[in-house]
Structures are given as structure tokens and as C-alpha cells.
Amino acid sequence: MWTDVYGIFQKYMGTGIVVILFLAAIVYLFLTEKRKERRILLIYLPVLTLLLYFNPLFAAFFCKVVDTEIYFRICWLLPVGVVLGYSAVQIAERFEGKKQACLIAGMLCLIAISGKLVYTNPLYSKAQNPYHVPDSVVHICDAIKCEGREVMAAFPREMVLYVRQYSPYVCMPYGRDAYETEFNHFEKLMDADVIDLETMWERIELFGVHYIILDEKKEILGDPQDFNLVEFDRMDGYVIYYNNNLSLTY
Amino acid sequence: MILGILVLFGFLIVLPLAVGMCFRGTENVNHSMIYVWICGQMILWAGFLTISIPFILKGRDLKEVIVAYGGFCALAALTSLGVCLKNKISLRPGFQKGKQEHVLLWLIVIALLVLQMVLAATLAYEEGDDAFYVAVSTLTKESGKMYQVLPYTGQTTGLDARHGLAPLPIWIAMLSRLSGIHAAIMNQIILPVLFIPVAYGIMYLIGNHLFEGDRKKLGIFLLVEEFVVLFGGQSLYTSENFLLVRTAQGKAVLACIIIPFLLYLLFALADRCKTGKSTRFLWLIVAATMMAGCLCSTQGALLDCILLGLGGALLAFQYRRYRLLVPTVICCVIPTGMAVLYLILG
């Protein structure tokens with residue numbers, strides 16, 4: 001468990017430089033800050049929080065009762081920004097004019113170098129619409145929507161995260177949790193380079209799937225018409241098959 | 001759409017200001033409008049938690065929550081109005097006018113804030129947890145069912161009490177239903193554009209308290225804060241990262257709004273301990289903030305109690321005002337109750 005606690009803290013620290021700066025700022029304030037209430041909330045409180053984090057009894061309690069994976073949230077109680085900002089101002093206050101401006105610029109550069117610009121994360125992209133889901137998801141969900149009822153549709157992996165954020169009327173045989181559950185077999189078949197309709201058919205019937213959305217570049221093993229799957233539409237690089245064995249009318 | 005925006009303006013700006021207005025000028029302190037808004041919102045979130053949990057656990061419809069919460073909002077606003085009239089608190093929204101100095105510094109601070117708001121609205125982030133939280137809001141808005149449908153697939157399930165005890169997505173669904181604006185837009189654009197300035201607003205309050213209104217120091221403090229947030233991507237686990245990446249998720253609200261505001265309230269408490277002023281109204285806000293933390297995340301109960309417990313105990317022992325421990329414990333009762341409920345139901 002100790003390895004978990006330490007490992008989680010390492011993950012929280014990232015490169016670790018910001019946390020080192022934070023600890024250095026606490027030491028600086030410990031040496032220079034005279035006002036009692038500031039010492040309590042900017043020095044003693046963070047130190048106690050850190051002691052609590054590394055307390056094996058507390059860690060054991062938290063990990064057993066709550067969850068080990070989210071133990072890092074205890075670190076949110078550390079006022080990193082406030083302590084860094086306050087110390088920076090206290091240090092800058094000792095200088096005047098250009099020296100002060102250069103010092104502030106230097107400190108900002110130090111923070112920038114120590115951390116990493118959040119927006120450089122490769123998971124960021126320009127939003128395609130106000131829903132912040134891919135346009136293809138919006139177009140396909142709108143196309144297969146059926147007034148007055150829900151439809152069951154199997155989507156490729158890259159769309160699974162977004163479908164139900166946009167439309168509650170489109171149900172799926174597997175969701176984001178497919179990677180961890182028994183439903184992952186269907187998802188794996190959908191994600192394969194070659195779509196094997198015969199193997200997949202059992203799942204399509206089991207879940208009562210009305211629509212199957214496939215990347216149009218993917219090779220399909222077997223003729224969809226043999227399974228009574230008809231091409232419903234093509235859009236944004238995907239082909240939508242409608243399962244003619246199931247009716248969408250009551 | 002315009003009507004929807006007006007409804008949101010009413011619910012997200014006017015209503016919290018109306019409810020929080022009674023805290024303006026309490027205990028002989030002329031509080032800023034940021035403080036008034038946050039106090040009002042904390043009261044409203046605490047009310048939403050109290051009202052929505054029984055409806056969720058009984059498997060009732062969102063419509064019933066909206067009706068009951070509407071009544072609470074009206075009551076809270078009228079009570080606030082009554083308190084203002086009784087105590088002769090001005091109802092005119094007043095903003096503290098600072099001297100026009102250090103203009104460049106403040107322009108940079110404001111420009112960086114606006115940049116973060118614009119990027120929150122225009123950049124999409126592939127965030128796995130949105131598949132849960134945004135989907136909960138979307139389906140609750142449309143179906144009215146609360147935590148009875150698997151958000152990932154749409155299949156019906158038993159009550160998901162674990163998530164149901166932190167119903168911020170239901171609050172978002174309610175706003176979405178009332179305004180007619182899609183829940184995904186609420187989660188990805190409207191709330192981030194609101195919550196990012198609120199998070200910095202709390203930093204403004206803390207900075208203003210620490211530097212006693214010195215605008216130059218406050219500007220530098222906020223600039224450093226903005227850099228810490230902007231360059232907080234060294235780890236996916238930092239609260240700074242959560243503020244920009246998962247802004248409308250409950251855990252981000254907990255990390256970037258609730259916890260910093262509790263810290264501010266601890267500063268205010270320390271100030272009152274030092275001067276011996278009354279802390280009656282302050283404890284009311286502390287209690288509401290603790291409950292708002294429970295609304296945001298099930299772990300909010302534990303984190304809030306740790307922060308208030310440690311902070312309250314330190315203040316009590318350092319100032320030898322042991323009576324502080326009584327309201328500290330009382331404020332922890334509801335979050336502890338929520339934690340117990342979580343353990344029983346979860």
C-alpha cells in the first residue's frame with residue numbers, strides 16, 4: 001500500500017518541480033511570515049495535510065473505504081497556487097522598479113518551465129460543434145433517430161465516448177466500460193480490421209441492434225444482404241447498415 | 001435560444017446574487033459582489049442537494065425536483081430580500097471601483113482569463129468521464145429519470161446510489177431542461193465559461209484578503225495563479241488541470257471552487273478570531289459550502305471535513321478559542337451523514 005501512496009503522489013507531482021517550488025515557498029514563508037493566521041493556513045495546514053496524506057493509517061482507511069485510485073484527491077487540499085502566489089509577491093516586494101518587473105517575469109518563466117501548458121495535451125482538438133463531440137456523431141445520431149422510441153446502434157470505438165453525450169435516444173450494446181466487461185467481445189469485433197459479420201451476428205441478435213455503423217474503409221467478411229442488413233446511409237466516412245430483421249415501428 | 005440564455009442568466013447570475021445579497025455587509029464587512037454571488041450559489045447548491053437526494057433515492061422524476069427546488073429558490077430569494085430590507089442593506093449591485101493604476105498588469109490578468117474562457121468554449125477535450133457525467137445530464141434532461149439508466153449504454157438499471165449522492169449532473173440537467181439548451185452545451189461551453197472566472201474570483205477574494213486591497217500585489221498574485229493553472233499540465237491529477245480540462249465535472253468544481261472557497265472562509269474566520277468579531281453568518285456559509293461540496297462529489301464530504309477539521313482545530317488551538325470547535329463539528333455533521341449514506345447505499 002505504501003508503494004501505491006507514494007506512486008500516486010509521484011503521478012500527482014508529474015515532473016515534481018512545481019511541488020518542489022511549493023515546498024520551497026512553504027519553507028520561505030516559515031522563515032519570513034510573522035502573522036499568525038497566515039502561518040496557520042499557509043504553512044501548518046498544508047504541512048498537516050501532507051502528513052495526513054503520508055500517514056499509513058489514514059491511507060489504509062481511505063483506500064479501503066473509498067478507493068486507492070482517487071487517493072490523489074487529498075492533494076487538492078494543498079493550496080499550491082495560493083502559497084506560490086503569496087510567496088512570489090512577498091519576494092517581489094523586496095525589490096522595486098525594473099528589478100521587480102524582471103524578477104516577476106523570471107518567476108513566471110520558472111513556473112512555465114516547471115509545469116506544462118495544459119493546452120499542449122494531444123487530447124485537445126478544435127471543437128467541431130457546440131456539443132464538443134465529433135460532427136460525424138451528430139450527423140449519424142440525427143440520421144438514425146426514430147420519433148417516439150429509442151434505437152439500438154453499434155458504433156465504432158472512436159465514437160463510443162460521444163454518442164450518448166449527444167443523444168439519449170440512441171442506445172448502445174456496449175459503452176465506455178466495454179473495455180472492462182463481458183460486452184467487450186462485441187466491441188472487439190467492431191474494432192477488428194476485418195468485420196466478420198457471421199461471428200458478429202450472434203451479438204447483433206442478442207442485443208437487438210437496429211443499426212450498425214462501420215468505417216467505410218473497413219473490409220467486411222460476408223455479404224450484409226445475407227443477414228438482411230441493408231445500407232441505410234453513408235456519411236462522414238461511415239456506412240450505416242439497418243437491421244431489416246427488426247422493426248422500428250410498434 | 002435567446003429565451004434560454006435569459007433563463008440561464010436568471011438562474012446563474014441574478015438568483016445567486018439575490019440570495020447572497022443578505023450576506024453583503026454582514027458583520028460590518030463590505031463584501032464584494034463576487035463574495036455575494038458565491039455565497040448565494042453555495043446556499044442554492046446546498047438547497048439543491050437537500051431537495052434532490054430524497055427524490056433521487058425514491059426514484060422520482062426530475063420534474064418534481066424542479067418544482068420543489070423552484071419553491072426553495074423563491075423562498076431563499078424572498079428571505080434574503082427580507083433580511084436586506086430589515087438590515088437596510090442596499091440592493092443595488094455595487095462593484096468596488098479600484099484606482100486606475102497598474103493598468104498593464106491588470107490587462108494581462110484579464111486577457112489571460114478571457115483566453116482561458118475562449119479556449120474552454122472552442123477547444124474540445126477527449127475526456128472519458130464526460131461519457132458518464134454529460135450523458136447523465138443529457139438523458140435526465142430528456143427522460144426525467146435520475147440515475148436509473150446506464151449512461152454508457154442507455155439500458156435500464158437499479159438506482160445508482162453511489163453517483164446519485166453527488167447530483168451536480170442533475171442540477172445541470174435541470175438548467176438544461178429549464179433553458180431548453182442541450183445538456184452537452186451546458187457542460188462544455190456555458191458552465192466552463194462561468195466556472196473558470198468563478199474559480200479566479202475566489203483567488204481574487206483570497207488575494208484581496210492577503211494583500212488588504214493592494215491592487216498591484218493582487219494583480220501579481222492573480223498573474224502567478226493564472227500561470228500555475230495554465231502550466232498545470234505536468235500531471236493529469238492536479239486541480240489546475242481539472243479546472244481547464246474537466247471544468248463542469250463535479251470533482252473539478254470541488255477542487256477549484258469549493259475547496260478554495262473553504263480556504264477563503266478559513267482566512268475570514270481567522271480574521272474574526274483575531275479581532276473577536278462575530279462569526280455567526282460566516283458559519284452559515286461554511287455549512288452551505290460543505291453541503292455544496294457533497295453535491296459535487298461523493299469524496300467532497302471527506303475532503304471538506306478534512307480541510308475544515310484541520311483548519312478549524314488549528315485556529316481554535318492557536319487562538320485558544322476552543323468554542324470554535326463546536327460549529328466546526330456541526331458543519332461536518334451533514335457531510336459525515338452523506339458519507340455514511342454513501343457507505344450504506346454504495
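Tutor: Let's start with a term: two strands pair if DSSP finds at least two bridges between them. In β8(A), for instance, Ile240(A) is the bridge partner of Ile213(A). And keep in mind that this is a predicted model.

Student: What makes β5(A) and β8(A) count as paired?

Tutor: Five bridges link β5(A) and β8(A), in the antiparallel sense. At least two are needed, so the pair qualifies. Another bridge partner in β8(A) is Tyr238(A), which goes with Asp215(A).

Student: What about strand β2 of chain A and strand β5 of chain A: how do you know that they pair, and in which sense do they run?

Tutor: Two bridges join β2 (residues 151–154) to β5 (residues 211–215) in chain A, and the strands run parallel. With a cut-off of at least two bridges, that is enough to call them paired. Ala153(A) sits opposite Tyr211(A) in β5(A).

Student: Which strands pair across the two chains?

Tutor: Strand β1 (residues 124–126) of chain A and β1(B) do, running antiparallel over three bridges. Within that pairing, Tyr124(A) stands opposite Tyr125(B).

Student: How many residues are in contact between the chains?

Tutor: 70 residues of chain B are in contact with 66 residues of chain A. On the chain B side, α9(B) gives the most, with 10 residues. By type, that side of chain B has 43 nonpolar, 19 polar and eight charged residues.

Student: Is α9(B) largely enclosed or open, and how do you know?

Tutor: Buried means 20 or more other C-beta atoms within 10 Å. Of the 16 residues of α9(B), 14 are buried, so the helix is largely enclosed by the rest of the structure.

Student: And how do you know that its length fits a helix?

Tutor: At 1.5 Å a residue, the 16 residues of α9(B) should span 22 Å. The end C-alpha atoms of α9(B) are 22 Å apart, so the two agree.

Student: Why is His132(A) called buried?

Tutor: His132(A) has 27 C-beta neighbours inside 10 Å. The cut-off is 20 or more, so His132(A) counts as buried. This residue is found in the loop between β1 and α7 of chain A, and has a positive phi of about 60° although it is not a glycine.

Student: Why is Arg320(B) called exposed?

Tutor: Exposed means 12 or fewer neighbours, and Arg320(B) has 8 inside 10 Å, so it counts as exposed. Arg320(B) lies in the loop between α13 and α14 (325–345) of chain B. Its phi is positive too, near 50°, and Arg320(B) is not a glycine.

Student: How confident is the prediction for chain A, and where is the confidence lowest?

Tutor: The mean pLDDT of chain A is 92, with 97% of its residues at 70 or more. Confidence in chain A is lowest in helix α9 (residues 184–191), at a mean of 82, and highest in helix α7 (residues 135–144), at 97.

How values were computed:
Residues are numbered from 1 along each chain as its sequence is written. Chains are lettered from A and ligands numbered from 1 in the order in which they are written. This is a predicted model: local features need pLDDT of at least 70, side-chain atom pairs count only at pLDDT 80 or more; totals for chains, interfaces and linings use all residues. Two residues are in contact if their C-beta atoms, placed from the backbone, lie within 7 Å. Helices (H or I, at least four residues) and strands (E, at least two) are DSSP runs, numbered from the N terminus. Ala, Val, Leu, Ile, Met, Phe, Trp, Tyr, Cys and Pro count as nonpolar, Asp, Glu, Lys and Arg as charged, and the others, Gly among them, as polar. pLDDT is the predictor's confidence in each residue, from 0 to 100. The expected span of a helix is 1.5 Å times one less than its number of residues.
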